[in-house]
Amino acid sequence: MSARVDVRKTYKLYIGGKFPRSESGRSYEVLAAPTGRRATPRFLANAAMGSRKDARDAVVAARKAQPGWAGATAYNRGQVLYRVAEVMEGRRAQLVQDVRDSEGLTPARAEAVVSAAIDRWVWYAGWADKYAQVLGGLNPVAGPYFDISAPEPTGVVAVLAPQASSLLGLVSVVAPVVVSGNTCVVLASEDRPLPAIDLAECLATSDVPGGVVNVVTGRTAEVAPWLASHRDVNAIDLTGAADAAGVEWGDLELAAAENLKRVLRPGGSGPEAVEPDFDAVPDLSRLTAFLETKTVWHPKGR
Amino acid sequence: MPTFEYAPAPESRAVVDIASSHGLFIGGEFVEATGGKPFKTLNPATEEVLSEVSEATADDVDAAVRAARSAYTRVWSRMSGADRGKYLYRIARIIQERARELAVLETLDNGKPIKESRDVDIPLVAAHFFYHAGWADKLSYAALGENPRPVGVVGQVIPWNFPLLMLAWKVAPALACGNTVVLKPAETTPLTALLFAEICQQAELPAGVVNIVTGAGATGQAIVDHPGIDKLAFTGSTGVGKMIARSISGTRKKATLELGGKGANIIFDDAPVDQAVEGIVNGIFFNQGHVCCAGSRILVQENVADEVVRRLKRRLTTLRIGDPMDKNTDVGAINSRAQLQRIEELTAAGSQEGAERWDSGCELPSTGYWFRPTVFTDVSQSHRVAQEEIFGPVVSVLTFRTPGEAVAKANNTPYGLSAGIWTEKGSRILWMADQLRAGVVWANTFNKFDPTSPFGGYKESGYGREGGRHGLEAYVKTGSDQ
């Protein structure tokens, strides 16, 4: 009996809850990370090579989804995001395979990375209805006023996903952005985009509304400048500028100044950009980077 | 009903003694500048020269940054929080003791009414130092992250509308968190910052912890560009804020920017009209409208628009415009000729674009820079007077029918600093407050400030917060921050 011919997946973009090909019609070869045993890199898939227009479409989808997502109750957002972790657990085998191929990991290490990614998603999901109490509160002003400060989402955030850590890193940058009610356009790891599309499939099959997370695969150097200069993007996370071919994060920050985007700079010191160690226990800094504080005053009186 | 004339009630200026020239305050001493062109600072109400002030060159800025770095490494970052706090308490007390002197000097140099500098600016300055003094030894309780520690040397550039208050907003949290500062006051209002330098000396603040360099844009740019600066704090125009954001792109300098605004003050038909009118007046005519969070756009519900505008105009005819040193004055002088020209240009554009212009018709003094309280009606959203920050005593009136329309119009601006809501309906206040994209929302009040209350903008009104626990975040690094 001959071996079954498997049905392979087409890896596409994820925009507005749908999986379109790039409007440019382009794709690029995604290769497995070299593991030392093979002389020539193994072909994994043809990924969509996203264009400027794809990025702009993704911003439109993110903007459209933002008020509804921010307007959902924190409890609801927390449950919806927790559901994503459930779906990730259900798709563990696929995630492990793609992380293993993409990052050149041993099976055991790939399992551990996927576990950490799911756990991190759960950790951030749990913050949905807690961070506002930790970060906001009553201000004891010197007068007869009720005065309260509370965090709110910044809006639409462009995220350059880490180049090396294709799933754990990706989760570590996306979850803190969306948990507070932001929506985002994620530029996936250029050479390791497959786990990002897997995550998109998890999002699409959970209850996350379309447009809350949009994933564009392709060349970081080509697409990132359009996101950095986009006037309807409120903030940009430059984490994935580290080790992205042909990308100077300072240029992206310069473009972002045009509408005073909130910029999360890449790790490292000086001009050098270094991808953070995503195995480290996170703190709230990635969440707070994409929050605004609103202060509301009202007089007290009889 | 008989009307009573106000007799003049001038505040005495004998309490201040203004030196004819001022050096720079670097390393705890007043020093000569190294070759910049000295400039004059005027009383904008009289155009009288108050003093000559030094222009700090890039070399002077460098000396100031080195003094700040030395004070940071050797003294201030090593000092216990409790001791840092005690210096700030001393400063707060000296400000209270010298409050009248500071108020008079502020009014002379800025043109704002003495009742505002005396009752608002200077008390808030003292309160800011007092408040932050207490934080200095409690930073680990402030939920800022693990192991909060100072950022280093902070460059601070402040505007002319609340000269000493903006200094306090910048210096107090920076020092409380263990940073040292190089601060540049605005070129038209440097005098209270220089008097603050003397207060630092009286408090025996260690030399170099606070350095004050005077000058205009070039001096500010030298601070922004100096490689020894770890963090920048700027309050001023959105244009300059963007220049700063560009200047520091690709560096590791942190920044907080508190920029322009075009705040909407929204009046619903159930609001008590007289209170709302007082709120409008306070929102845009306080401090001659030289307020970044001013309520410069009135959005009034259509069915009460005529009534509100009629009562507003009647109220404006009772405002007293003139000598800022008179204790009865409500609206003082425009801070500079340049600002007056900008207000004149934008209001001319308002008339040209077809908005209906009205002013109170009051008499203005013959010298100095003045502008009558002005109201534009028949304003559409695309008019320049509805879009651009005028930074003067000029308000534009637009109308709306539904709360949703009010929100859409209020948010239809690149800015996002402040907003006001006037209605008796509590649930509507809370709904509106949620919808408005603005850092500060005043409901049934306006233009209230407090050291415990975070202040700052959304969108192109800048980023970062000043005041309260939140304001400390910009002045510390935590966890693994380098």
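Which residues of H3(A) are buried? I looked this up in what is a predicted model. The buried ones are A:Leu95, A:Val96, A:Asp98, A:Val99, A:Arg100, A:Asp101, A:Ser102 and A:Glu103.

I then checked what sits over them. The cover includes, from chain A, strand E2 (43-48) and helices H2 (74-90), H4 (107-127) and H7 (194-204).

Next, the length of H3(A). Its 12 residues, 92-103, should span 16 Å at 1.5 Å a residue, and I find the end C-alpha atoms 16 Å apart, so the two agree.

I traced an open sheet of 10 strands with mixed pairing, running E3(A)-E4(A)-E10(A)-E18(B)-E17(B)-E12(B)-E13(B)-E16(B)-E15(B)-E14(B). The edges are E3 (137-138) of chain A and E14 (356-359) of chain B; each has a single partner strand, so one side of each lacks a neighbour in the sheet.

E10 (291-299) of chain A pairs with E18 (440-443) of chain B in the parallel sense, over 3 bridges. One bridge I picked out: A:Thr295 has B:Val440 as its partner in E18(B).

Last, the largest nonpolar core. I get 256 residues, and those with the most contacts inside it include A:Trp121, A:Val159 and B:Ile266. Helix H5 (163-176) of chain B gives the most to this core, 11 residues. Domain 1 (21-259 + 459-477) and domain 2 (264-443) of chain B each supply at least three residues.

I followed up B:Ile266. Beyond its neighbours within four places in sequence, B:Ile266 is in contact with B:Leu299, B:Ala406, B:Ala410, B:Ala419, B:Gly420, B:Ile421, B:Trp422 and B:Met432.

Key. Residues numbered from 1 in each chain as written. Chains lettered and ligands numbered in written order. Predicted model: local features only at pLDDT ≥ 70, side-chain atom pairs only at ≥ 80, totals over all residues. Core = buried A, V, L, I, M, F, W, Y, C linked by C-beta atoms within 7 Å. Buried ≥ 20, exposed ≤ 12 C-beta atoms within 10 Å, placed from the backbone. Helix = DSSP H or I, 4+ residues; strand = E, 2+ residues; numbered from the N terminus. Domains from an automatic or database assignment. Contact = placed C-beta atoms within 7 Å. Pairing = 2+ DSSP bridges. Expected span 1.5 Å × (residues − 1).
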